Protein chains: 2
Amino acid sequence: MARSGVPTRERIISAASALFYNDGIRGVSVDAVAAKAGVTKRTLYYHFRSKDDLVAAYLAARDQPNLALFRQWFAEADDGLPAQVERIFRNLARSARHPKWKGCGFLRTSAELANMPGHPAMKIGAAHKKKFEEWLRVTFEAEGIAQASQLARQILLLLDGSFAVVLLHRDPSYMETAGEAAHGLIEAALPVRAKRRSRRRR
Amino acid sequence: MARSGVPTRERIISAASALFYNDGIRGVSVDAVAAKAGVTKRTLYYHFRSKDDLVAAYLAARDQPNLALFRQWFAEADDGLPAQVERIFRNLARSARHPKWKGCGFLRTSAELANMPGHPAMKIGAAHKKKFEEWLRVTFEAEGIAQASQLARQILLLLDGSFAVVLLHRDPSYMETAGEAAHGLIEAALPVRAKRRSRRRR
DNA sequence: GTATGTATACTAGCCAGTGAATATACACAA
DNA sequence: TTGTGTATATTCACTGGCTAGTATACATAC
């Protein structure tokens with residue numbers, strides 16, 4: 001058990017999350033994570049088999065909250081598919097303006113561990129993005145879009161592209177550009193009936 | 001001077017390029033680069049002030065060849081803007097099928113060094129992507145596209161998105177999806193006159 | 001004989017992971 | 001109530017190896 005109310009394992013993951021996201025996987029030592037969690041390294045190794053294991057736990061802990069946030073932004077208003085998806089990009093742009101923002105933890109980790117394709121963290125990252133893509137696809141299909149899976153892939157490409165480009169240029173306006181492109185692609189794919197409906201809602 | 005015909009400095013950059021691209025910046029030691037270049041570490045430090053300096057040289061050496069390749073793919077046939085840009089994506093998909101492919105060196109480096117925004121390598125990476133975007137914009141403008149800069153940004157987002165997504169899923173078909181999306185966006189932005197022209201060319 | 005280039009050998013610090021011991025909590029027997 | 005065993009949780013101290021960078025010396029060329 002932990003000294004404070006939070007279990008030790010979770011405190012370690014929190015510390016790892018902050019440090020890995022900020023400085024990258026190889027930029028953070030296990031000692032640093034242990035110190036930030038207020039625990040000795042040996043305790044950390046009691047809860048996690050290896051650093052790789054800890055990295056996987058870091059990403060796994062980000063999976064659900066991240067998806068929930070996207071869904072929440074999407075559902076904030078029922079103003080039509082194009083606007084709802086565009087709102088995800090707009091909110092992301094707002095996040096990206098915070099000075100501590102450093103892109104998508106899943107993508108940055110996958111870029112750093114690109115030479116270890118079988119790494120558990122890679123699998124978790126891939127699964128996370130697949131879930132998001134699948135959620136988009138299902139959502140599009142429910143609105144009667146014929147090429148739903150194609151469109152979902154395109155939106156995903158715009159999203160992940162904006163993570164990469166904004167991180168490089170430190171210019172969140174690219175996220176708004178991506179949002180507008182997504183808006184346009186979805187609008188064009190919408191059947192006429194749904195288009196009328198979305199206009200009414202707005 | 002070097003033992004072989006190639007100057008020492010260039011051999012070091014070649015070795016660094018292969019290793020950094022494959023294993024990431026922090027995954028490669030200066031000793032490893034020196035060994036691969038067939039040179040002692042001290043010699044390496046004669047030619048480069050620091051590892052960061054070497055990283056910058058690695059990316060700088062990739063700037064022009066990379067852009068030239070894109071331009072070459074674009075110019076391989078004069079079959080209209082949408083098809084020409086889509087061909088860049090198709091060729092990229094072909095590259096991505098090689099087992100040694102590991103995404104875009106510029107993006108991966110920027111992801112790894114995200115906590116050092118002033119790092120010279122970040123500046124070189126940002127400048128590289130800006131050059132590509134600017135080349136697209138000028139090309140679009142020459143074809144009479146009104147929203148050329150907006151469209152150039154969208155294509156860039158699709159391109160960098162496909163680097164990220166393909167690296168994560170190891171599925172180059174996303175690059176073809178991105179190419180089709182780019183094709184569609186450009187076609188829609190083309191003035192009627194140019195559209196007819198591009199159809200004729202095909 | 002000075003500038004360029006290369007090599008040997010070194011330092012000081014960091015890193016992932018471990019060995020051995022200890023502390024706490026709780027179940028169950030006397 | 002007290003004693004004892006066992007699983008969980010934690011600590012201190014350590015190792016062997018790697019890492020970026022350097023002090024010094026030697027070679028070669030013009």
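Q: Why is the pair A:Lys129 and A:Asp160 called a salt bridge?
A: In this predicted model, the closest N and O atoms of A:Lys129 and A:Asp160 are 2.8 Å apart, and because the rule asks for a Lys or Arg side-chain nitrogen within 4 Å of an Asp or Glu carboxyl oxygen, the pair qualifies. The pair links distant parts of the chain, with A:Lys129 in helix α7 (residues 120-142) of chain A and A:Asp160 in helix α8 (residues 148-169) of chain A, 31 residues apart. Both A:Lys129 and A:Asp160 are buried, a label that calls for under 20% relative accessible area.

Q: What makes A:Lys41 and A:Asp31 a salt bridge, and which helices hold the two residues?
A: Their closest N and O atoms are 3.2 Å apart, which is judged against the limit of 4 Å. A:Lys41 lies in helix α3 (residues 41-47) of chain A and A:Asp31 in helix α2 (residues 30-37) of chain A, so the pair ties together parts that are 10 residues apart in sequence.

Q: How do you know where B:Arg137 and B:Glu134 stand relative to one another in their helix?
A: The two residues are three residues apart in helix α7 of chain B, and are therefore separated by about one helical turn. In chain A, salt bridges that share partners join A:Glu134, A:Arg137 and A:Glu141 into one network.

Q: What describes the interface between chain B and chain A, and how many salt bridges are counted there?
A: The size of an interface is often given as the accessible area lost when the parts come together. The area buried between chain B and chain A is about 3600 Å², with carbon and sulfur atoms giving 65% of it. Between these chains the count is zero salt bridges, whereas the rule for polar contacts finds 18 residue pairs, both residues being at pLDDT 80 or more. On the side of chain B that touches chain A, α8(B) gives the most, with 14 residues.

Key:
Residues numbered from 1 in each chain as written. Chains lettered and ligands numbered in written order. Predicted model: local features only at pLDDT ≥ 70, side-chain atom pairs only at ≥ 80, totals over all residues. Heavy atoms only, no water. Buried area = accessible area lost by both parts, 1.4 Å probe. Polar contact = N/O pair within 3.5 Å; in protein donor to acceptor, adjacent residues only side chain to side chain. Helix = DSSP H or I, 4+ residues; strand = E, 2+ residues; numbered from the N terminus. Buried < 20%, exposed > 50% of the residue type's maximum accessible area, 1.4 Å probe, protein only.
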